[in-house]
Amino acid sequence: MKKLKENKKLLILATLLGIIGVFAIITVLTQQGIINRYYSGILLSTCINIILVVSLNLTTGFLGQLTLGHAGFMAVGAYASAYCTKVVFASLPAIVSFPLALLVGGLLALVFGVIIGVPTLRLRGDYLAIITLAFGEVIRTILLNLSFVGGAKGYSGIPRYSNFMWAYFLAVATVIIIVMLIKSRHGRAIISVREDEIAAEASGINTSYYKILAFIFAAFFAGVAGGLYAHYMGIIEPKAFTFNKSIEILVMVVLGGMGNIKGAIVSAIVLTILPELLRSVSSYRTMIYALVLIIMMLAKNSPAFKEIIRKIKNKIIKKEAQE
Amino acid sequence: MNISQFFLQLINGLNIGSIYALVALGYTMVYGIAKLINFAHGEIIMVGSYTVFVCTTLMGMPIWLSIPVSIIVCAGLGICIEKVAYKPLRNASRIYLLITAIGISFFLQSLFQLIFTSNPKSFPTIIQLPPLTLGSFSISANYYLTFVVSVILMIVLDRFVKLTKTGRAMRAVSEDQGAAQLMGININKTISITFAIGSALAAVAGILYSSSYPLINPFMGSTLGIKAFIAAVVGGIGIIPGAVLGGFILGIIESLTKAYISSQMTDAIVFLVLIVVLVFKPAGLLGKNRKEKV
C-alpha cells in the first residue's frame with residue numbers, strides 16, 4: 001500500500017516534469033528561432049484544439065451523448081471574452097483582464113449549455129445531437145446580425161494576448177481537470193450513464209444531473225478555447241464557427257477513440273498539423289473527414305467489416321510467410 | 001395591421017410549411033421504425049433537386065420525365081444509405097449510428113460541392129400554371145400546387161400506412177421489432193421500404209422547394225433538414241400526423257415572424273419554440289408520454 005502511494009507520487013512528479021520539460025524545450029526552440037512564427041501559430045492552434053477535443057470527448061466519449069454544436073459554444077466564448085478585453089476590462093492590465101475575459105467567456109458558454117442542456121438532457125433519446133446542431137447555426141446567425149460585435153464583417157481589433165504559454169498551460173489544465181473529473185466518483189457516474197442509463201438510474205444515480213454536469217463542463221472549456229482563439233486571431237468572424245468546425249472537432253474525437261483522453265490529444269495534434277502539410281489536397285478535406293467518421297464507426301461495430309479486415313490481414317501475413 | 005397582408009403571410013407559411021411537413025414525414029417514419037435520426041435526410045432533398053437540374057439543364061430531358069427520375073434516384077439512394085451505413089450498425093450503440101449518419105450527410109454535401117462547386121445553380125422552371133386569383137389578391141401557381149401536392153401525398157401516405165399490408169408491417173416493426181419478426185415480417189425489407197418512401201417524399205419536397213426558391217446549392221438540404229426535424233419533434237417524433245401538424249405550425253410561425261418581428265431572428269425564434277415544446281411537452285404536441293420499459 002505504501003509502495004503504491006510512493007509510485008503514484010513518482011508518477012505525478014514525472015508528469016509534472018514532463019509538462020514543464022516540453023514547455024521549456026519549445027520555449028528555447030522559439031527563442032533560438034528554430035520555431036518561427038508560422039510554426040508557433042500551429043502549436044498554439046494545436047493547444048486550442050486539444051482543449052476543444054478533450055472537452056468534447058467528455059460529452060461524446062464519456063457521457064455518450066452526441067454534441068454537434070461545439071463550435072457554437074466556442075463562438076459564444078470567443079465573442080464574450082473579446083468583448084470583455086476590448087470594452088469591459090479595457091482599463092485593466094493584460095495580465096488581469098485576459099484570464100478574467102477567458103473566465104467570462106467560459107462561464108457564458110456554460111450558461112448557454114445550461115439553457116440547452118436542461119430541457120434536452122432530461123429526455124431520453126437523441127434530441128441533444130439535433131438541438132446542439134440547431135444551436136450552433138442559430139448562434140451564428142445571431143452573431144451575423146449583432147452590430148455591436150461587428151456582424152458579418154467580423155469583430156476586429158481584439159488585443160492579441162494569446163501566446164503559446166497561455167494556450168499550453170490552459171490545455172494542460174483542461175486535460176488535468178477532465179482526467180480528475182473522470183477518475184472521481186462523478187466521473188464514474190457519468191460513464192455509468194453511457195453504459196446503461198436505466199441501470200444507472202436504478203442504482204440511484206441522478207442521470208439528468210450528471211448528463212447536464214458533463215455537458216456544461218464541456219461547454220465551459222469550449223468557451224475558454226474560443227476566448228484563446230479570439231485573442232490569437234485578433235479578428236473573429238461568425239463564419240469561423242460553422243458546422244464544419246464542430247465536425248472537425250468531432251472527427252478528432254472519433255479518430256482518437258471515443259472516451260480516450262490520450263488518443264484525443266494525439267489526434268488533435270495530428271489533425272492540426274497534417275492539414276497544414278497537405279494544403280494541396282485541402283479541397284478534399286471535408287470529404288476525407290466524412291469518410292473517416294463513417295469508416296471508423298463501421299470498422300468498430302460492423303461484423304462484416306471486421307471480417308473483411310481480418311481477411312486482408314491474413315492475406316498479408318500469408319504473403320509474408322511465402323516470401 | 002393589414003388583413004390581406006396577414007393572409008398573404010399565412011399562405012406563405014402554408015407553402016413552406018407543407019414542404020417542412022413532407023420532409024418531416026421522412027424523418028418521423030425513419031425514426032419510428034429504426035429509432036434513428038437520419039441526418040442524411042436533408043441531403044436527399046438536395047440530391048433530388050440536383051438530379052432534376054442535371055436531367056433538364058445538362059442532359060436536356062423534358063421536365064415531366066426528370067421528376068420521376070429524381071424520385072427514383074432518391075429512393076434508391078435512401079435504400080443504399082440504409083444498406084451500407086445503417087444496417088451493419090443496427091445492434092450497435094446509438095451514438096455510433098448517429099455519427100455515421102452525420103458522416104453520410106457531410107459526405108454527400110462535400111461530394112456535391114466537389115462536383116458542382118458551391119456556387120448556386122439556377123433551377124429550371126417546372127410549374128407553368130396561371131396564378132389563382134381570389135378576390136383582390138392572387139396566389140402564385142407554385143404556392144397552391146405545393147400545398148395541393150403535399151396534402152395529397154400526406155393523405156396517400158396515411159392511407160398506405162393504415163390500410164395496406166406493408167403499412168401494417170411498418171407499424172408493427174416500429175412497435176416491436178423482435179415481435180414483428182416472430183410474426184413473420186421481413187424486417188430488412190420493411191426498413192428498406194420505409195427509407196425509400198421517406199427519401200421519395202424528400203425528393204418531392206426538394207423539387208417543390210426549389211421551384212419556389214430556384215437557386216440550389218450543396219448546402220440547401222441542411223437548413224431545410226434541421227427545420228423539418230424541429231417540425232417533427234414539435235409535432236411528436238414517430239407520429240405521422242404530428243409531423244404534418246409540426247410542419248404547418250413551423251411554416252406559419254416562420255413566415256409570421258419574418259413579416260412582423262424580424263427576418264434575421266426567425267431561426268432563433270423557431271429554435272425557441274422547440275425549446276419551449278421540449279420543456280412543457282417533451283413527447284411533442286401529439287405525443288403521449290410513455291413509460292420506459294426495461
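Guide: Let's start with residues 95-116 of chain B, a span that is 100% helix and 0% strand, with its end C-alpha atoms 32 Å apart. Here helices are DSSP runs of H or I with at least four residues, strands are runs of E with at least two, and both are numbered from the N terminus. What you see is a predicted model, in which local features need pLDDT of at least 70 and side-chain atom pairs count only at pLDDT 80 or more, while totals for chains, interfaces and linings use all residues. Residues are numbered from 1 along each chain as its sequence is written, and chains are lettered from A and ligands numbered from 1 in the order in which they are written.

The span 95-116 is one of those that UniProt, in an unreviewed entry, lists as "transmembrane region" in chain B; the others include 6-27, 191-209 and 265-284. These positions follow the numbering used here, the feature names are shortened, and such annotations may be inferred rather than shown by experiment. Residues 6-27 of chain B are likewise 100% helix and 0% strand, and their end C-alpha atoms lie 30 Å apart.

Now look across to the neighbouring chain. In total, 33 residues of chain B are in contact with 36 residues of chain A, where contact means that the C-beta atoms, placed from the backbone, lie within 7 Å. On the side of chain B that touches chain A, helix H4 (94-116), helix H9 (220-235) and helix H11 (266-280) each supply at least two residues. H4(B) gives the largest share, 14 residues. By class, this side of chain B has 26 nonpolar, four polar and three charged residues. In this scheme Ala, Val, Leu, Ile, Met, Phe, Trp, Tyr, Cys and Pro count as nonpolar, Asp, Glu, Lys and Arg as charged, and the others, Gly among them, as polar.

Let's go on within chain B, to Val30(B) in helix H1 (residues 3-34). Val30(B) counts as buried because 28 C-beta neighbours lie inside 10 Å; the cut-off for buried is 20 or more other C-beta atoms within 10 Å, with 12 or fewer for exposed and partly exposed in between. The C-alpha atom of Val30(B) is separated by 8.0 Å from that of Ile191(B), although the two residues are 161 apart along the chain. Leaving aside neighbours within four places in sequence, the contacts of Val30(B) are Leu36(B), Asn38(B), Thr194(B), Phe195(B) and Gly198(B).

Helix H2 (residues 41-58) and helix H8 (residues 187-212) of chain B pack at an angle of about 60 degrees, with their axes 7 Å apart. The axes are lines fitted to C-alpha atoms over the stretch in contact, and the angles run from 0 to 180 degrees between N-to-C directions. That angle makes H2(B) oblique to H8(B): under 35 degrees is roughly parallel, over 145 roughly antiparallel, 65 to 115 roughly perpendicular, and the rest oblique.

Key
Two residues are in contact if their C-beta atoms, placed from the backbone, lie within 7 Å.
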